[in-house]
Amino acid sequence: MVNNMSYIIYPTTEKITLPSKGYFSKGDSGTSILIISSFLATNFMGYESKTKVKVNDMLGEYFGKYLETWIKQFQKNNDLEVDGCIGKITLGKLREYGMDA
């Protein structure tokens with residue numbers, strides 16, 4: 001069994017660029033997803049109890065239902081449209097919290 005906590009790579013010098021469709025959503029994968037999930041895991045551990053989704057289930061390079069749940073919680077807590085996608089507005093709000101990727 002892999003210890004998912006080894007995936008936490010935040011902070012990073014890599015910059016997140018949204019895909020051509022303009023947002024990340026369930027089914028997407030890659031380093032940008034890993035950076036975002038790592039930032040959430042590092043800075044919003046309280047979501048684990050609010051969402052009932054363990055950080056190890058949410059963390060990684062794949063945007064699955066567990067990361068979507070954490071994103072929805074983040075959007076709800078920040079009075080954003082709750083769609084579970086990471087677009088320009090959600091990404092901007094994450095950056096306001098210190099995600100400099």
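**A helix pair and its rings**

Modeller: The protein averages a pLDDT of 86, and 87% of its residues score at least 70; pLDDT is the predictor's confidence in each residue, from 0 to 100. This is a predicted model, in which local features need pLDDT of at least 70, side-chain atom pairs count only at 80 or more, and totals for chains, interfaces and linings use all residues. Residues are numbered from 1 along each chain as its sequence is written, and side-chain values use heavy atoms, without hydrogens or water.

A contact means heavy atoms within 4.5 Å.

Now the packing. Helix 1 and helix 4 pack at about 60°, with axes 11 Å apart. Axes are lines fitted to C-alpha atoms over the stretch in contact, and angles run from 0 to 180 degrees between N-to-C directions. The angle makes helix 1 oblique to helix 4. (Under 35 degrees is roughly parallel, over 145 roughly antiparallel, 65 to 115 roughly perpendicular, the rest oblique.) Their crossing is left-handed: in such a crossing, the near helix is turned anticlockwise from the far one by less than a right angle.

Which residues meet? From helix 1 come I33, I36, S37, L40 and A41; from helix 4 come L67, W70, I71 and F74. Look at S37. Its relative accessibility is 0%, so S37 counts as buried. (Buried is under 20%, exposed over 50%, partly exposed in between, with a 1.4 Å probe and protein chains only.) Leaving out residues up to four places away, S37 touches M58, L59, G60 and L67.

Next, the rings. Rings of Phe, Tyr and Trp (its six-membered ring) pair if their centres lie within 6.5 Å; planes under 30 degrees apart are stacked, over 60 edge-to-face, the rest tilted. The count is 6 aromatic pairs. One is F44 with F74, edge-to-face, at 5.5 Å between centres and 80° between planes. This pair links distant parts of the chain, 30 residues apart: F44 lies in the loop between helix 1 and helix 2, and F74 in helix 4. F74 counts as buried because its accessibility is 0%. F44, at 11%, also counts as buried. Ring pairs join F39, F44, Y47, W70, F74 and Y97 into a cluster.

Methods: Helix = DSSP H or I, 4+ residues; strand = E, 2+ residues; numbered from the N terminus.
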